[in-house]
Amino acid sequence: MLAPIFHILPLTTVLRTRLLPTNGKVLVRAGQNVSPTDTIAEAVVGRKHTVVDIQHKLGLAPRKMAQAIKVKKGQKVAKGEALAATSGIFGKEIACPVDGKVVAVGSGKIVLETGGKILELPAGLPGLVTEVIPNRGVTIRAAGALVQGLWGNGKLDWGILMSLLDKPDDIFDPTRLDVEMRGLIILGGHVQSAKVLENAADLPARGLLVASLSPSLLSLAQQVNFPVVVLEGFGRRPLNQAAFKLLSTNIKREVSLNAEFISQQGRTRPELFIPLPVNQDPPELQEMEAFAPGLKVRVVYLTRPSVTGTITQVYPAPVLLPSGIRANAAEVKLENEQRILAPLTNLEVLG
Amino acid sequence: MAASTVEGNSLLTLDVGAVTTRAALFDVVEGRYRFVGMGKAPTTSATNPPNIVLGAQLAIENLQSMISKPLMDEEGRLLVPSQPDGSGVDGVVTILSAGAALKTVVVGLLADVSLKSVETLAQTTYARIVERIGLNDSRRLDEQVNAIVRQSPDLILVAGGVDGGAQQSLRNLIETVGLASYLLPESRRPAVLYAGNAALREEVKASLAGTAFKVQTVANIRPALEVEDLVPAQRELSRLVIDIRQREMPELEELRTLSGGVILPSAFAQGRMARFLASYYGEGKNVLSVDIGASAVSMAASMEAVVHLNVFPHLGLGEGLSGLLQHFPVEDILRWVSVEAPEETVRSYLYQKVLYPSFVPATVEELALEHALIKQNLFTATQLMLQRLPRRFRSRGGMLPSFEPILVSGTPISAAPTQGQKLLLVLDGLQPVGITTLALDTHNLLAMLGAAAEVNPLLPVQALDSGALSNLATVIVPTGSLKLGTPMLRAKLIQEDGTETTTEVNMGNLQVMPLANGKIARLQLRPLNRADVGLGVGRALEVDVTGSEMGIVIDARGRPLQLPADAPARIALHKKWLKTVEG
């Protein structure tokens with residue numbers, strides 16, 4: 001059975017694809033180096049449509065419509081400009097109700113596209129553009145440290161990493177978010193108070209990277225304007241030692257916090273990336289690995305914190321778990337030498 | 001059916017679920033079709049790049065090693081048809097439930113007529129209705145168009161008008177649909193199914209052909225005001241759903257080719273099987289098939305030869321859980337939890353499970369929470385299904401109508417450690433009434449058999465005869481407004497050897513009368529204190545019953561099941577009930 005790999009790596013090469021939510025224009029080319037704040041693509045989003053019923057307004061027969069319509073598909077039109085008109089002593093003119101662009105003409109109607117705003121897609125991390133996906137975005141290659149998380153609120157930013165996490169099982173104290181934290185990406189423990197998110201928004205912080213989040217704060221975390229990445233999940237959960245060590249040794253570095261939604265298809269995960277200077281690119285990430293003795297794994301529990309250990313044995317047939325369920329499982333030796341039985345579905349390979 | 005009619009072709013069925021992909025082999029053994037074995041693998045939508053075919057290959061590999069028969073060649077290609085040396089298979093069919101619920105816009109004329117019917121149609125598949133547009137919609141044309149464009153739906157279902165009726169209002173709605181589709185980027189245009197006034201079918205095809213991803217037209221779902229016929233539309237919708245999935249997962253084409261085009265949404269195949277089972281168990285029987293999985297809870301009720309199929313993607317135990325608490329409060333789950341667990345733990349479990357949809361409960365506490373979730377989701381699905389059933393099938397008090405049998409599929413139930421747990425998951429979740437048999441689809445074959453029937457109608461019959469279903473319990477559920485502890489039912493079980501067992505069950509209790517699996521006995525039932533066992537208040541009856549794995553279970557706990565508000569008392573009661581059924 002193949003296992004998903006959960007990455008906590010001090011040095012690796014990542015390939016990250018940044019895509020616009022809709023078709024737009026890619027502003028960079030393959031082979032170009034980009035910095036995190038560079039806009040790599042842009043698109044117009046949130047456009048609305050206005051339908052002008054010319055036939056109804058002019059009271060014309062369908063066969064006379066072509067002659068009456070004065071604009072063409074693709075044409076930009078200004079408010080007040082004539083969209084259609086009839087001639088003669090009782091001639092009428094239909095003025096354009098808004099500034100916009102004609103996107104459809106037919107069935108006696110004109111459809112105008114209006115409004116919208118330009119969405120600029122930042123690179124998010126420094127690196128080399130390896131591929132351009134026409135009209136959508138690019139793939140960027142970068143080297144550095146990587147810590148993946150489990151939940152993100154869909155936002156992305158870049159800044160200096162600071163820590164308010166003294167121990168992996170700390171509870172995030174909102175009063176420690178003072179003015180000196182403004183514009184920083186802040187590492188913290190378990191968030192059990194809305195004040196953490198509110199104070200971070202007031203500063204404002206560039207982002208929050210936290211061990212865990214109370215499920216009742218999920219909605220608020222989705223609404224804040226900065227990226228929030230939850231590393232261990234919901235309910236009180238300490239940060240795993242590997243991530244704690246790696247993050248603690250990278251304080252004050254510039255980092256990219258990508259709170260991308262986790263995809264059930266495994267295509268995306270929220271993550272913190274710390275770009276590091278390298279002479280030679282380190283190995284690229286491996287996404288799947290077959291379960292085998294010796295692999296370092298995280299054993300996931302849903303009602304208590306996850307634990308880490310090393311697989312000592314993968315059972316060839318389903319075995320009885322403490323819950324009474326039979327499942328394909330492995331024996332895992334924990335860091336405290338205790339050996340436990342864990343279903344393969346509940347294991348994530350660390351690497 | 002005579003064994004000589006068996007064609008002898010083996011069939012591989014693939015079930016690509018949201019979490020697990022399963023490969024099952026059916027072949028002829030001693031002249032009749034049998035379920036030979038099953039291989040499983042995680043659905044490989046998490047590979048990079050995602051490719052569900054890989055999961056299917058792994059499941060087939062596991063199957064061939066389990067049955068010690070090669071099904072693939074050295075390069076991992078499935079051998080179709082079977083080879084002279086016996087390797088390979090003769091045919092393949094696939095069912096699919098993987099993928100997020102399809103964002104669906106329903107369009108109809110009158111809210112209580114075509115719009116209602118088209119909503120019912122949407123509810124027969126893995127759809128999430130995101131917008132409704134009807135004749136009485138007060139929004140302007142451009143507001144309706146903008147609403148559709150904003151939702152960027154996968155699917156638009158259109159109905160309206162009786163056959164031979166007025167057309168202009170419907171034309172206007174179709175124009176709205178066409179315009180909105182046209183304004184969406186080409187790669188995101190929706191598929192459209194038209195099931196309205198038959199006179200407009202060709203016109204709809206012609207007008208939407210260039211603007212929608214796919215356009216299908218089908219017989220009117222409301223050919224007359226008082227007639228609703230969803231069957232042809234359901235069939236076409238199932239094809240369209242697969243087309244949409246294939247756009248999301250291009251590799252599906254490989255499975256489609258392999259399956260000779262027979263690839264069906266799992267819920268649709270389940271519905272087919274419910275129809276088939278109703279005739280299999282005997283004319284006039286009302287059969288209920290329930291399936292719970294990561295992608296949805298689906299319920300197919302075959303009543304008076306019509307299948308009422310309901311799919312609830314928001315009640316699936318995978319991705320759908322993230323929005324579950326929008327549908328009921330956390331206390332509704334908590335009431336089923338049989339261990340001490342604070343509300344925060346239940347919430348954390350829910351949201352954490354969304355992150356790990358393939359998670360298997362490893363501890364007793366996790367199992368208790370998982371089972372609470374299953375019961376609550378089954379209960380909610382049952383209530384929703386009851387609201388959607390035609391009025392004549394709804395009983396007073398919102399209870400489930402009488403079904404015989406009730407068939408239950410889904411790994412979350414079949415994987416429960418004990419038979420008692422399985423029984424209580426079903427009894428508490430569905431809360432049946434009267435006399436019924438609970439049959440467990442131990443290997444989750446029913447939907448697969450529904451798809452298999454497409455290519456070999458004989459196979460499901462013989463596979464069922466060979467014991468694809470296990471008889472979990474014969475259940476007697478008296479109802480009535482009695483006080484706790486009041487005698488509710490007197491039962492006498494007379495076995496074939498003349499042995500008699502008599503019992504009296506009080507309101508609030510569960511009781512088991514042992515009767516070995518497959519044994520037939522005579523059961524005399526006398527409802528007490530105005531209780532009802534299905535024939536009417538106080539009416540006694542005598543029936544032949546068949547023993548099951550759990551024997552004859554009398555559930556006199558009342559409907560709907562009332563649970564103590566006090567947590568320790570409630571937990572103690574759950575434990576007591578489990579102890580009762582497990583003996």
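Domain bounds, as the word is used here, come from an automatic or database domain assignment. On that basis chain B is divided into domain 1 (3-96), domain 2 (102-248) and domain 3 (267-582). The structure is a predicted model, in which local features need pLDDT of at least 70 and side-chain atom pairs count only at pLDDT 80 or more, while totals for chains, interfaces and linings use all residues. Residues are numbered from 1 along each chain as its sequence is written, and chains are lettered from A and ligands numbered from 1 in the order in which they are written.

We can begin with the domains of chain B. The centres of domain 2 and domain 3 of chain B, taken over C-alpha atoms, are separated by 35 Å.

Next comes a sheet in chain B. Helices (H or I, at least four residues) and strands (E, at least two) are DSSP runs, numbered from the N terminus, and two strands pair if DSSP finds at least two bridges between them. The open sheet has five strands in the order S3-S2-S1-S4-S10 of chain B, with mixed pairing. Its edge strands are S3 (32-42) and S10 (263-265) of chain B, each of which pairs on one side only. From one strand to the next the twist averages 20 degrees; axes are lines fitted to C-alpha atoms, for helices over the stretch in contact, and angles run from 0 to 180 degrees between N-to-C directions.

Within this sheet, strand S1 (residues 11-16) of chain B runs antiparallel to strand S2 (residues 20-29) of chain B, and six bridges join them. B:Leu11, for example, has B:Phe26 in S2(B) as its bridge partner. On the sheet packs helix H8 (residues 266-281) of chain B, which touches S1, strand S4 (91-96) and S10 of chain B and whose direction makes about 90 degrees with that of S10(B). S2(B) and S3(B) also run antiparallel, joined by 10 bridges, and B:Thr20 has B:Pro42 in S3(B) as its bridge partner. The hairpin of S2(B) and S3(B) has two residues between the strands, and in it B:Glu30 takes a positive phi near 50 degrees. Helix H15 (residues 458-465) of chain B lies across S1, S2 and S3 of chain B, running at about 90 degrees to S3(B).

Two helix pairs of chain B show how packing angles are read. Helix H4 (residues 168-183) of chain B packs against helix H5 (residues 201-208) of chain B at an angle of about 20 degrees, with their axes 10 Å apart. Angles under 35 degrees count as roughly parallel, over 145 as roughly antiparallel, 65 to 115 as roughly perpendicular and the rest as oblique, and H4(B) and H5(B) are therefore roughly parallel to each other. Their contact is made by B:Ile174, B:Val177, B:Gly178 and B:Ser181 of H4(B) and by B:Val204, B:Ser207 and B:Leu208 of H5(B). By class, this contact of H4(B) with H5(B) has four nonpolar, three polar and no charged residues.

In the second pair, helix H13 (residues 419-430) and helix H16 (residues 567-582) of chain B pack at an angle of about 120 degrees, with their axes 9 Å apart, and H13(B) and H16(B) are therefore oblique to each other. The residues that make this contact are B:Gly420, B:Gln421, B:Leu423 and B:Leu424 of H13(B) and B:Trp577, B:Leu578, B:Val581 and B:Glu582 of H16(B).

Finally, we turn to the two chains together. 41 residues of chain A are in contact with 42 residues of chain B. On the side of chain A that touches chain B, the largest share, four residues, comes from S5(A). By class, that side of chain A has 22 nonpolar, 16 polar and three charged residues.

How values were computed:
Contact = placed C-beta atoms within 7 Å. Nonpolar A, V, L, I, M, F, W, Y, C, P; charged D, E, K, R; others polar.
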